[in-house]
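Hello,

Here is the structure for you to look through. My notes follow below it.

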Amino acid sequence: MRILHLFFFWFVVFATVPLAAQASPNADFDGNGKVDFQDFVLFAQVFGTTEARYDLDNNGTVDFPDFVIFARAFGSEAAPAPAPITTLTEVVVRDVPADTGNVGAFTFYSLRDSSIVSQADSNSTKWDLAFKSTTVLINNGSSGPGEGGAIVLTATDYDTLSMAPDSEYMVDQEGIPAIAPRSWYTYTGPPSHQILMNPGVVLVVRTADGRYAKLKFTSYYRGGEAVPSADAQSRFYNFVYTFQPDGSRSFR
């Protein structure tokens, strides 16, 4: 009976009010992009209740003023939902061990989850980078089943790099990692035998699932010492990175 009454209201009101050029985004109740009869049925079913989704004037009740708003919107397209706002966050990573016991074991790391991945998942797409001593692997080619890749950029400012390259990503080959040894560090030799970060080097990494991150190594020593003290422990990766979760190459 309530629906029949609403039909009566519909013809009275619809005949006397002009259609709006643009619908209220709240009137498309079923989310199909248009304010149509299906939306009217949904509205009629809750008329007289306090269902907030259908309370278009926000007065606490689904009533006649809401019906007037709905009638003005009927037949037009719903306003598109605003694009989600994604805020990119720089992640600071401290002391990822890289075969500190010198036993030949890699540490697997997910840039997507900012976490170390279990050795049991080394043959999966759960990891993006793997570390052993000064060797860094990506999840593709000879190293894993993923879609990973890497480009080593030189003379590049990490903070202002706003877009990942669209091509020329390297993948691991047997004995030839995509991230070439000494491309990102300098070995000083005796007597100090230090591993120092090369200035202006930024890695752009394509993750195992085909998304992108920019990354800068900051230290190879526990505690993040850029210039290590005499007793500093090596084989600990420290770096910063920014991961783009939406699949685009933009870092903004």
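The model is a predicted one, so please read the notes with that in mind.

I start with helix α2, residues 37-45, where D39, F40, F43 and A44 are buried. These residues cover an arc of only 135° around the axis, and therefore they sit on the same side of α2.

In soluble globular proteins, nonpolar side chains tend to be buried together. The largest nonpolar core in this model has 29 residues, and F131, W184, F217, Y237 and F239 have the most contacts inside it. Two or more residues each come from β1 (90-97), β4 (129-132), β5 (135-138), β8 (195-197), β9 (202-206), β10 (212-221) and β11 (234-244). The largest share, 5 residues, is that of β10. Another core, of 14 residues, lies apart from the largest one and includes F29, F40, V62 and A73. F40 is also one of the buried residues of α2.

Now the sheet. Four strands form an open sheet in the order β3-β2-β4-β5, with antiparallel pairing. β3 (115-117) and β5 are at the edges with a single partner strand each, so one side of each has no neighbour in the sheet. Direction ignored, neighbouring strands of this sheet are turned by 35° against each other on average. Strand β2 (residues 107-110) pairs with β3 over 3 bridges in the antiparallel sense, and S110 stands opposite S115 in β3.

Last, the salt bridges, of which the count is 5. One of them joins D99 and R235, whose closest N and O atoms are 3.5 Å apart. This pair links distant parts of the chain, since D99 is in the loop between β1 and β2 and R235 is in strand β11, 136 residues apart. Both D99 and R235 are buried.

Another joins D128 and R112, with the closest N and O atoms 3.0 Å apart. D128 is in the loop between β3 and β4 and R112 in the loop between β2 and β3, so this pair ties together parts 16 residues apart in sequence. D128 is buried, with a relative accessible area of 1%.

D121 forms a salt bridge with K126, the closest N and O atoms being 3.6 Å apart. D121 is partly exposed at 23% relative accessibility, and K126 is partly exposed at 47%. Salt bridges with shared partners also join R112, D128, D209 and R211 into one network.

Regards

Conventions: Residues are numbered from 1 along each chain as its sequence is written. This is a predicted model: local features need pLDDT of at least 70, side-chain atom pairs count only at pLDDT 80 or more; totals for chains, interfaces and linings use all residues. Side-chain values use heavy atoms; hydrogens and water are left out. A nonpolar core is a set of buried Ala, Val, Leu, Ile, Met, Phe, Trp, Tyr and Cys residues joined through side-chain atoms within 4.5 Å. Buried means under 20% relative accessible area, exposed over 50%, partly exposed in between (1.4 Å probe, protein chains only). The arc is that of the directions from the helix axis to the C-beta atoms. Two strands pair if DSSP finds at least two bridges between them. Axes are lines fitted to C-alpha atoms, for helices over the stretch in contact, and angles run from 0 to 180 degrees between N-to-C directions. A salt bridge is a side-chain nitrogen of Lys or Arg within 4 Å of a carboxyl oxygen of Asp or Glu.
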